[in-house]
Amino acid sequence: MLTHRFKQCPLCDASVDAAELAKVADVSSHPSYKPELPTTIRWLRCRSCAHVFTDSYRSEVGDRILFSSALPHQVPDTRQSEHQRNLWAPTVRRVIRCLTEKREDVDLLRRKGGRQPRWADIGFGSGGLLMTADEFGFASLGVDARPEAVKRLQALGYEAVCTAFEALTLDEPLDVLSMADVLEHMPAPRAALDKVRSMLAPDGLFYISCPNSETSTWRLWEQSNSNPYWAEIEHYHNFSLTKLVELLEAHGLRAIDYYVSARYFSCMEVIARREG
Ligand SMILES: [Zn+2]
């Protein structure tokens, strides 16, 4: 079996029988599409919480088929590394600013005798964020489900492990955990956020980016029936900022910073702090 059906809304547990059909999208021309996989995605809107999600998610077998190859932006690559560095530097700066609001001992330029703050990037793909965080002085760890991406990062001397986030175990708590365009790929975002919180040190930061369905771009796309995210084969959720902040806060992660992501169209970046 390549896919499993959601029986309940992944955010509020309301039965999918009560959800309305939001969209049916043809994914057969998506660059990651494989002929074994279904050609269409059905998007549902929960009548209880208004969350928009796909009616099914891939099984392990389905994931193996989809992840059997990687697109150029999903692995580290010389042609894009300088662009990635410039793209991610403002994000890393904002994370540092938020981190030092509570942590006076963090001095990334003068680390002698001090401990380097730990940053794990989940689903690092091209490695741009992780490598930039490393450059700014974090002790960095990359986690990705694509073996090719992990192999390439390790060959560059960075610490990287090949595993699904759900199976990740760490010895020490993290100062920063990042998920750049990852949560919308996870069938169970609430369980993932529980795990995020448990892996963070007190006052540790969670950086998340994903498409935001409350932007001007999104509205214009909808008006012209040209929203590319409906046919995004890897996504299971369309989050809005409102929904994302609600979700983070329900998991003890207080949103403290918002910004527009320069990485993808209609994308948002939120930094949240672990409470308690
Ligand atoms: Zn719901």
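Student: Why is Cys12 called partly exposed?

Tutor: This is a predicted model. In it, Cys12 has a relative accessible area of 30%. Buried means under 20% and exposed means over 50%, with partly exposed in between. So Cys12, at 30%, is partly exposed.

Student: And what makes Cys46 buried?

Tutor: Its relative accessible area is 5%. The cut-off for buried is under 20%, so Cys46 is buried.

Student: How do you know which atoms coordinate the zinc ion?

Tutor: Donors must lie within 2.8 Å of the metal. The SG atoms of Cys9, Cys12, Cys46 and Cys49 lie at 2.3 to 2.4 Å. They therefore count as donors of the zinc ion. Their spacing along the chain is C-x2-C-x33-C-x2-C. Cys12 sits in the loop between strand E1 and strand E2, and Cys46 in the loop between strand E3 and strand E4. That pair is 34 residues apart.

Student: Why is the zinc site called tetrahedral?

Tutor: Four donors count as tetrahedral if all angles lie between 85 and 135 degrees. Here the angles among the 4 donor atoms are 101 to 115 degrees. So the site is tetrahedral. The ideal angle for four tetrahedral donors is 109.5 degrees.

Student: What makes Phe6 and Phe53 an aromatic pair, and why edge-to-face?

Tutor: Rings pair if their centres lie within 6.5 Å, and planes over 60 degrees apart count as edge-to-face. Phe6 and Phe53 are 5.8 Å apart centre to centre, with 90 degrees between the planes. Phe6 lies in the loop between E1 and E2 and Phe53 in strand E4, so the pair ties together parts 47 residues apart in sequence. Phe6 is buried at 8% relative accessibility, and Phe53 is buried at 0%.

Student: Why does the pair of Trp218 and Trp230 count as edge-to-face?

Tutor: The angle between the planes is 65 degrees, and the centres are 6.4 Å apart. The cut-offs are over 60 degrees and within 6.5 Å, so the pair is edge-to-face. Trp218 is in helix H6, and Trp230 is in the loop between H6 and strand E11. Ring pairs also link both into a cluster with Trp43, Trp221 and Tyr229.

Student: How do you know where the largest nonpolar core lies?

Tutor: That core has 38 residues, and Phe165, Leu177 and Leu248 are among those touching the most other members. Domain 1 (3-66) and domain 2 (72-274) both give residues to this core, so it lies between them.

Note on methods:
Residues numbered from 1 in each chain as written. Predicted model: local features only at pLDDT ≥ 70, side-chain atom pairs only at ≥ 80, totals over all residues. Heavy atoms only, no water. Donors = N, O, S within 2.8 Å, 3.2 Å for Na, K, Ca; no water. Tetrahedral: all angles 85-135°; square planar, octahedral: opposite > 155°, others 65-115°. Helix = DSSP H or I, 4+ residues; strand = E, 2+ residues; numbered from the N terminus. Buried < 20%, exposed > 50% of the residue type's maximum accessible area, 1.4 Å probe, protein only. Core = buried A, V, L, I, M, F, W, Y, C linked by side-chain atoms within 4.5 Å. Domains from an automatic or database assignment. Phe/Tyr/Trp six-rings, centres within 6.5 Å; stacked < 30°, edge-to-face > 60°.
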